[in-house]
Amino acid sequence: MKNFKNFLKPSWGLTFIAVLFFTACEMDQTQILDQNDSQHSRLDNNQLPEGYESRINPQLRSSDPNGRLMEIEQQTDTYYRELVQRAMAVEPTECSSTEFDAWINEELADWAFNEIFWASITGMLDFPTYDALLFSNTSEGEYFGKDGEYTQKMTKTFKDLKRFWTIDSEDIVLAAMHGNMLQDRDRLIRIDQILYLDDLPTAEYWADLILELLEEIPQYRNGEHPIFTLNAFAQSAFFFPPVGEVPSKIIMGDGILEGYETLGFGDVAPQAILAHEFGHHIQFQLDLFEEFRSPEATRRTELMADAYSAYYLSHSKGATMQWKRVQQFLEVFFAIGDCGFESYGHHGTPIQRMAAAEWGYELADQAQKQGHIMDPLEFATLFDAALPELVAP
Ligand SMILES: [Zn+2]
């Protein structure tokens, strides 16, 4: 990252994506290769297919006449993707730096221009997300964490959440997102064709380029660098023509799990994040999302998901976690939402998010004296009544 920052003009004030695009156009092949010590045989941007820039700059994406990419944007928690962009940003942003940001920056410390350029231009940063979104359509045989180290915790918590909340959750799929999909040529071709509408030879070209990059750039860790799977989200069922019916699902990326493990929260994070995503499924099913997206609407559903999560985590009939310990994790977890109040992905400030979680905890604390689990719709009604107070300055 350091090399990359020094290399670019800091006064440009553009986002990483735009800077990268313009820079790539201005640079010749020699300059790009000079940025890296190793000799890359095919890694020459002058030989990239015509129009390759459109892969990196959404505004130039003319290859999507049907708006297909828009159709398959994930519905919740897009802030993880903003976080990835932020981690690669040249300019300091309005977002405060957090423990999680510091961890990502550390993980990216040995990435210079080349590593960022090729990961962005090929689509590698998005492929695992879209592969999981469209093609991970059963919970069966799923493992969580690079080596399955979270499989037991995730499947147990998911089963428990389905018991705890009285919605119809039988058909919700819980699936993982692994970076090793980047080693699979067929899956790369499949996703490339969906995202970029490439013909088969072009899709094969990009797939083979990605496989070659994994060979030649050790920083990618054979696709298992956490940046490729830094995502977790809930999605309601939808029909997507090239694929068919995609079921309701929760996707959990290895990168997120690895990050919180490294920060010392391996005991809380998987359950807490899963419970938050499950909260979104309660909202899908009870039709609690507003028709039109706005920053305020997103904030409301995100804070409500935080409250659902806190209620389950601390409830004596739920995960029965110590509230103090949950709070310690939430302090770190909520800090990553502190960015761009005007953004459609805005989750609320850390203070608002903690207020929503405390509200959920207190409700659970009262309920467990009666041995009662609240009906999820009643919960939402009470939450909406409390919301003005939770977001009050
Ligand atoms: Zn969310």
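Strands β2 and β5 are antiparallel and share four bridges. The model is predicted.

Strands of a sheet pair through backbone hydrogen bonds, either parallel or antiparallel. Here the pairing is mixed: three strands form an open sheet in the order β1-β5-β2. β1 and β2 (232-235) are the edge strands, each with a single partner strand, so one side of each has no neighbour in the sheet. The twist from one strand to the next averages 15°.

β5 (residues 249-253) runs parallel to β1, and five bridges join the two. Which residue of β5 is the bridge partner of A176? It is M252. M252 of β5 is also the bridge partner of A232. M177 stands opposite G253 in β5.

**Helices on the sheet**

Two helices pack on this sheet. Helix α8 (residues 127-135) touches β1, β2 and β5, and its direction makes about 160° with that of β1. Helix α12 (residues 254-262) also touches β1, β2 and β5. The direction of α12 makes about 55° with that of β5.

**Burial of the strands**

How many residues of β5 are buried? Five of its five, so β5 is mostly covered. In a regular strand the side chains alternate between the two faces of the sheet. Both faces of β5 are covered. K249, I251 and G253 lie on one side, I250 and M252 on the other, and all are buried.

**Two helix pairs**

Two packed helices are described by the angle between their axes and the distance between the axes. α16 takes part in both pairs below.

| Helix pair | Angle between axes | Axis distance |
|---|---|---|
| α14 (residues 295-314) and α16 (residues 350-370) | about 40° | 7 Å |
| α16 and α17 (residues 376-391) | roughly 140° | within 9 Å |

Take α14 and α16, whose axes make an angle of about 40°. That angle makes α14 oblique to α16. The crossing is right-handed. From α14 the contact uses L303, D306, A307, Y308, A310, Y311 and S314. They meet Q352, R353, A356, A357, W359, G360, Y361, L363 and A364 in α16. By class, this contact has eleven nonpolar, three polar and two charged residues.

Now α16 and α17, whose axes cross at roughly 140°. These helices are therefore oblique to each other. Is the crossing of α16 and α17 left-handed or right-handed? It is right-handed. On the α16 side, Q352, A355, A356 and W359 make the contact.

Methods: Residues numbered from 1 in each chain as written. Predicted model: local features only at pLDDT ≥ 70, side-chain atom pairs only at ≥ 80, totals over all residues. Axes fitted to C-alpha atoms, helices over the stretch in contact; angles between N-to-C directions. Parallel < 35°, antiparallel > 145°, perpendicular 65-115°, else oblique. Left-handed = near helix turned anticlockwise from the far one by under 90°. Contact = placed C-beta atoms within 7 Å. Nonpolar A, V, L, I, M, F, W, Y, C, P; charged D, E, K, R; others polar. Pairing = 2+ DSSP bridges. Buried ≥ 20, exposed ≤ 12 C-beta atoms within 10 Å, placed from the backbone.
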